[in-house]
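Q: I would like to go through the side-chain contacts and strands of a model with you. Could you take my questions one at a time?

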Amino acid sequence: MSKVHIMTDEKRIERLSAMLKRRGIVLPAFEIYGGVSGLIDYGPVGATIKRKVIRNWIEHWTINGDIVEIDSPTITPEPVLIASGHVGEFNDLMTQCVKCSSAYRADQLAEDYHPNPDMLDSDEIDNILISNNIECPNCGEKEWTPSRPMNLMFGTKIGAMKASRQAYMRPETAQGMFMLYPSLYRHFRQKLPFGAIQTGKGYRNEISPRQGMIRLREFNMAELEYFIDPKNPPLVDISMKKDNVSLIPDPKGNEREVVKLSFHDAINQGLIKDRTVGYFLSRTWDFLMNVGIDPSKIRFRQHEGTEMAHYAEDCWDCEILGEHGWIECVGIANRTCHDLLSHEKYSNSNSLRAWREFDVPKIESKEVLAPNTSILGPVFRGKAGLVLEALEQLKELPNTLPFQLLVNDGTEVEITSDMVERKIVSKNIAGEWFTPHVIEPAFGIDRIIWHILDHAYEETEKEGEKYNLLKLSESVAPADLIVLPLFEKDGMGDAARKLNSTINSMKGITSLIDSSKSIGRRYARADEIGIPWAVTIDHTTLEDETVTVRRRDDQKQIRTGIKVLLNLINSGNISSLF
RNA sequence: GCGCCUGUAGUGAAGGGGUUAUCACCUGAGGUUUCCAACCUCAUGUCCCGGGUUCAAAUCCCGGCGGGCGCACCA
């Protein structure tokens, strides 16, 4: 990742983090036992925000019907991750230069001294480093720390004792979608394109988790695998996408400059090469708008060849600017057929393909030597199968019979004219099997939530005092509204409780109630956790069934009837009051 | 993993080898109050963990754990 130095306001991060902790949004996990780096809790307020972000994400992708949700285990048997490449990629031995602390893959240092260094264990490879006086490429020193495997996956065992199988906590949810490909293919009536999404936990045993919620050891992922026929890519229409976005394309000419273009133009000008990738970039943009990310703090950056993941053919990151600088929050990769092909190879399954029908069936006719098995069989006995195979594979037919046929076991046999019949066979070929390509948008939910909070957090002043508010989008706010009795007495408290339970009985609507301390303080508390609307019950309410509705973002208040308000809440349209 | 800095109520801070660790805000109970963190009374709650030095450790030392930054690593 290119280094980006942004002036970050560390004090603001501290104040924001303190608020998140104080208000039960995001907290360090296991804190009474000292905490564990890279693990966090979402508290009573944060868990709701997280759930709403994920729900928005699921609805965003499933709305067209071509994408379905699945859910698979986090514990994954080793062969799956061998096929996916994770075991190989993650099990490298690392060593460090004692002098300058540069870290290297030990097998790469030992490359010239052993034919197959990645097969060695750490003692063997340490010996090679010492006995060959291998120098540190950085400082030239020849002293190395003992090498150790840098396995970024959490290992575990399925079952006990001898019967147990090696397994890992999944490092990504994507493999679950590939495992279910056969089921998805049937579900979608064997027609591409289609996709599957999954949200859930992923695990990476990071060497040094940093930056709060940015690099976690257990984190929330949301991934989409969209399967396409590369020869008939889906028709996507993004002509409506006129918003200008910031793009940093991979330069052929070594320029890494931000280009402001609409997705539509970026595709038409060839800046985004794959239309389908472009479509998902624009849909990603839409999602980030929905959950309240600041559009001026988003950019899409194409990976350079060297940083491309081991599977990806083309890759764009969506980066979001926050207090930690530009952070990769979404990766959109064209993984091509890599995963399905690899699983097909390792699992011996033949159901990881799709059928492509030709527009016009192909008629293939060729001249063959059709075997007469009643003669061939008795003559060649055990070898007959090999002979048949060799006959079928024959590229050029002999002009005359008998002839010498080379069989797969290296021997030659004589084929006489009574054993075969020369004839022309024609075959009607309606289509072909192929391995679909897959486009993968992968979202880091925790990173997105951090930026939602970061962008929504506003520090202002009110009558000389500091005043914080969280201007969350209604779609991710921890509650839709809060009901506040001006006072507990004279029946206002009862009226508030009644209204609150009426609102909460509406499907999908969450209302809170708060009656402790002064009204100003309660507004402040609600503002700080981002509740967009406050409904206040006062003396007038008791007389004429009206309440005041207060808008978080400008503290404006409007008086309206309870019945009118209930209708607006139900239709999600409170803002039309203002 | 290395280096530098760091850890005191829920939050933010002060202090510091010796009686009962200080302050503000927050939180809770009661009072007061006719819409934006008001006020009064009372209450709850803290020295990250382990070891060492010492008559005595929250304070000094060592280690661990956590946090921040830099280097390295990072799908």
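Q: To begin, over which ring does the charged end of Lys 489 sit?
A: The charged end of Lys 489 sits over the ring of Phe 487, 5.5 Å from the ring centre. A charge counts as over a ring if NZ of Lys or CZ of Arg is within 6 Å of the ring centre and within 35 degrees of the ring normal. Please note that this is a predicted model, in which local features need pLDDT of at least 70 and side-chain atom pairs count only at pLDDT 80 or more, while totals for chains, interfaces and linings use all residues. Residues are numbered from 1 along each chain as its sequence is written, chains are lettered from A and ligands numbered from 1 in the order in which they are written, and side-chain values use heavy atoms, leaving out hydrogens and water.

Q: And what does Arg 356 lie over?
A: Arg 356 lies over the face of Phe 434, at 4.0 Å from the ring centre.

Q: How many aromatic pairs are there in the whole structure?
A: A search of the whole structure gives 17. Rings of Phe, Tyr and Trp (its six-membered ring) pair if their centres lie within 6.5 Å; planes under 30 degrees apart are stacked, over 60 edge-to-face and the rest tilted.

Q: Why is the pair of Tyr 181 and Tyr 185 called stacked?
A: The ring centres of Tyr 181 and Tyr 185 are 5.7 Å apart and the planes are at 20 degrees, so the pair is stacked. Tyr 181 and Tyr 185 are 4 residues apart in helix 8 (residues 181-187), about one helical turn. Helices (H or I, at least four residues) and strands (E, at least two) are DSSP runs, numbered from the N terminus.

Q: Are those two buried or exposed?
A: Tyr 181 is buried at a relative accessible area of 0%, and Tyr 185 is buried at 7%. Buried means under 20% relative accessible area, exposed over 50% and partly exposed in between (1.4 Å probe, protein chains only).

Q: What about Phe 287 and Phe 443: which type of aromatic pair do they form?
A: Phe 287 and Phe 443 are edge-to-face, with 5.6 Å centre to centre and 90 degrees between the planes. This pair links distant parts of the chain, as Phe 287 is in helix 10 (residues 275-290) and Phe 443 in strand 21 (residues 437-444), 156 residues apart. Both Phe 287 and Phe 443 are buried.

Q: Which cluster do ring pairs build?
A: Ring pairs link Trp 57, Trp 61, Tyr 226, Tyr 279, Phe 280, Phe 287 and Phe 443 into a cluster.

Q: Changing topic to strands, which residues are on the covered face of strand 18?
A: In strand 18 (residues 403-406), Phe 403 and Leu 405 make up the covered face, and Gln 404 and Leu 406 the uncovered one. In a regular strand the side chains alternate between the two faces of the sheet.

Q: What is strand 18 joined to?
A: Strand 18 is joined by 4 bridges to strand 19 (residues 412-415), and the two run antiparallel. Strands pair if DSSP finds at least two bridges between them. Phe 403 stands opposite Ile 415 in strand 19.

Q: How many residues of strand 27 are buried?
A: Strand 27 (residues 546-551) is mostly covered, with 5 of its 6 residues buried. Strand 27 pairs in the antiparallel sense with strand 26 (residues 533-537) over 4 bridges, and 5 bridges join strand 27 to strand 28 (residues 557-561), also antiparallel.
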